[in-house]
Amino acid sequence: MATPTVENYLKAILFLSREGQSVAVSDLSEQLGVSKPSANSMIKRLHERGLVEYERYRPLRLTEKGRRQAALIVRKHRLTEMFLVQQMGFGWEEVHPIAEQIEHIDSPALFERMNAIMGFPEFDPHGSPIPDPDGNLGERPGVSLSSCAAGERVVLAGLGRYEKGFLDYLNEKQLQLDTEMEVTAVEPYDGNVTVAYRDRNLTVSRATADILLVTIPDPLPSSGSATR
């Protein structure tokens, strides 16, 4: 059974590598808030256990065994977040630190029961995909709001990042997942984006627009379309 420390290392390598980053020991040290010698020592142990490919001066990589184990930790985390929101009424800004603790429980039956109660959700409360039981991790949906043009109608489908302060900001602006918006302006100079939704107009910075992930809503069927 892996310890919470081992699981946190595997999860950190998975996330850093999925962001396209070449993962070094120093990256893990910074991400996890530990000293570089401590991180280096742990990586050597993970290498000995067949979880991480490690060579001096080369980027770290998870082995297939390590990748699957990391993805299943993420599965438990995201199922927990969704359960806390859907079944227990927590806000999406509250659930991350709770899920950080619960994800280390070694009880597959518990998490599969949670999954069944919720109706087998594909995404967590922040729009991130929930890995399947085999450890297959899908992609976040949509494209960044910053890539959209004025006049486009879009739906908020996910977040590239979800720190509590950012989620509090979205709550204040009454902007949740599945909110349909119209892009009304894109500033050519600084990339600020203005959107309209409900009775609101909101201008966000390019940095914020980069992490708001949107999809194009399905068109409404025409009134003259045939029905079966």
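Good morning. I begin with Asp124, which sits in the loop between helix 6 (108-118) and strand 3 (143-144); helices (H or I, at least four residues) and strands (E, at least two) are DSSP runs, numbered from the N terminus. This is a predicted model, in which local features need pLDDT of at least 70 and side-chain atom pairs count only at pLDDT 80 or more, while totals for chains, interfaces and linings use all residues. Residues are numbered from 1 along each chain as its sequence is written, and side-chain values use heavy atoms, with hydrogens and water left out.

Asp124 is buried, at a relative accessible area of 3% (buried is under 20%, exposed over 50%, partly exposed in between; 1.4 Å probe, protein chains only). Beyond its neighbours within four places in sequence, Asp124 is in contact (heavy atoms within 4.5 Å) with residues including Arg78 and Leu177.

With Arg78, the side chain of Asp124 forms a salt bridge at 3.8 Å, N to O; the term denotes a side-chain nitrogen of Lys or Arg within 4 Å of a carboxyl oxygen of Asp or Glu. Arg78 belongs to helix 4 (residues 64-86), so the pair ties together parts that are 46 residues apart in sequence. Arg78 is also buried, at 5% relative accessibility.

How many salt bridges does the whole structure hold? The search finds 11. One of them joins Lys11 to Glu100, with the closest N and O atoms 2.7 Å apart. Lys11 lies in helix 1 (residues 4-18) and Glu100 in helix 5 (residues 95-102), so this pair links parts 89 residues apart in sequence. Lys11 is buried at 8%, whereas Glu100 is partly exposed at 27%.
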